[in-house]
Amino acid sequence: MMPKELYKTVRLLTFLRRKDEEDNPKGKTLPADIRLFRFDLVEAFLSAGTPLSKIDHLRSFLEKYAHRLTAHDHLSQIIRSIIEKEKETLKTELSLVDGCSVIFDVSTRLGEALAIVVRFVDDEWNLQQRLLRLQVLAKSLKANKLAQCLIQSLAVEYSIRPGVLLAAMKDGATVNHAALEQVKFFFPQLLHITCFSHTIDNVGKHFEFRVLHRFSQLWVSMFSHSAAVRLAWKTRTGTAMKTYSATRWWSKWEVMKQVLEYFGDVEPFLRENENDHLAPATTGQPLDIFNDASDAKELELELAALIDGGSHFVTATYYLEGDGPLIFSCYERLASVSHSVAVDSYPNLEGVASRQANGNLALCNQLVTRKKQ
């Protein structure tokens, strides 16, 4: 039986000879040991995330104890072969599995990009995850184009068999669902799974508050557009105000939770900085809420109801967005959320209502019941 390292070397040499016939690369006439050394070196640098330009600084040292090298711009030509070799390795790996799932998503944070990932369980029952594609896009993909990218990557490039792809995980965007309906033509057993974290995050969109909705929009806008406002708040409270991000789950809940914690500072902060740091058009509307005593009380009650009502969903969302074999604990986590909602515990709301009711138990219960609804 051929030793493992020798077997890998033979396979790599066979791969390089085939690439020579396809691409006719520079350096193909070099001795095999030098070519293998350069290939392994570039592969190691890529694996470590080290720029190839660093090789120029290490070249004399590496050549002293190994084979001769060349400049990093010449070595960078090997990257394409390494990618092809990695694809072949992954293709072989996927050909041996009996079932796998795909996860895909498009990010717009720093430009449009499509990521396609497959997951499967190996022979030793370890969860494996592989990136198939990370593609930078010129514009957002429509359903037809997205379906083409998925089919090209899964069925064509990696030859995943129709009965092997069992599930697809995506967020709730309509374009993703429409694309998978087309992908099912190639993978008929495909099960659509909408990301639980996205689903739970959408719960917050169904909370209805009369005063808080208006206040949160003004508050978020105020801190998002002015460094002076953020500095003024930190100067008063000693704590930096959290900022809202449209791409971060439950971000607004986190901001409003901090508002509730420092609620006693909110009105003085707005009045103190009305003429110095904050434009009157911006501060006038939040102050209108505090100029009406009933609205100010309502705002605090709604903040407390939001924090209590959303806390179970927030913790579940953050837990389920993690990596690893979450499928084994997903049901328990969702059941815990359902149980928590059924218990109907609102400690912050009950505390605020009790204080506003001045010990009047009937009024306190009335305030709590109204906000829960």
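The legends below describe close-up views of a predicted model. Local features need pLDDT of at least 70 and side-chain atom pairs count only at pLDDT 80 or more, while totals for chains, interfaces and linings use all residues. Residues are numbered from 1 along each chain as its sequence is written, and side-chain values use heavy atoms, with hydrogens and water left out.

**View 1. The largest nonpolar core has 45 residues.** A nonpolar core is a set of buried Ala, Val, Leu, Ile, Met, Phe, Trp, Tyr and Cys residues joined through side-chain atoms within 4.5 Å, where buried means under 20% relative accessible area, exposed over 50% and partly exposed in between (1.4 Å probe, protein chains only). Phe215, Trp219, Met256, Phe269 and Leu299 touch the most other members of this core. Several helices give two or more residues to the core, including H9 (212–224), H12 (263–272) and H14 (293–320), and H14 provides the largest share, 12 residues. Helices (H or I, at least four residues) and strands (E, at least two) are DSSP runs, numbered from the N terminus.

**View 2. Aromatic rings of Phe215, Trp219, Phe223, Trp233, Tyr262 and Phe269 are linked by ring pairs into a cluster.** Rings of Phe, Tyr and Trp (its six-membered ring) pair if their centres lie within 6.5 Å, and planes under 30 degrees apart count as stacked, over 60 as edge-to-face and the rest as tilted. Phenylalanine 215 and tryptophan 219, both in helix H9 and four residues apart, have ring centres 5.4 Å apart and planes at 25°, so the pair is stacked. The rings of tryptophan 233 and phenylalanine 269 have their centres 5.1 Å apart and their planes at 90°, so this pair is edge-to-face; the pair links distant parts of the chain, with tryptophan 233 in helix H10 and phenylalanine 269 in helix H12, 36 residues apart.

**View 3. An open sheet is formed by five strands in the order E3-E2-E1-E4-E5, with mixed pairing.** Two strands pair if DSSP finds at least two bridges between them. Strands E3 (127–136) and E5 (191–194) stand at the edges, each with a single partner strand, so one side of each is left without a neighbour in the sheet. Strand E4 (residues 165–170) runs parallel to E5 and is joined to E5 by four bridges, and alanine 168 has histidine 192 as its bridge partner in E5.

**View 4. Helix H16 has Leu349, Val352, Ala353 and Gln356 as its buried residues.** Seen down the axis of H16, these buried residues fall within an arc of 100°, so they line one face of the helix; the arc is that of the directions from the helix axis to the C-beta atoms. Asparagine 358, whose phi is positive, near 55°, follows H16.
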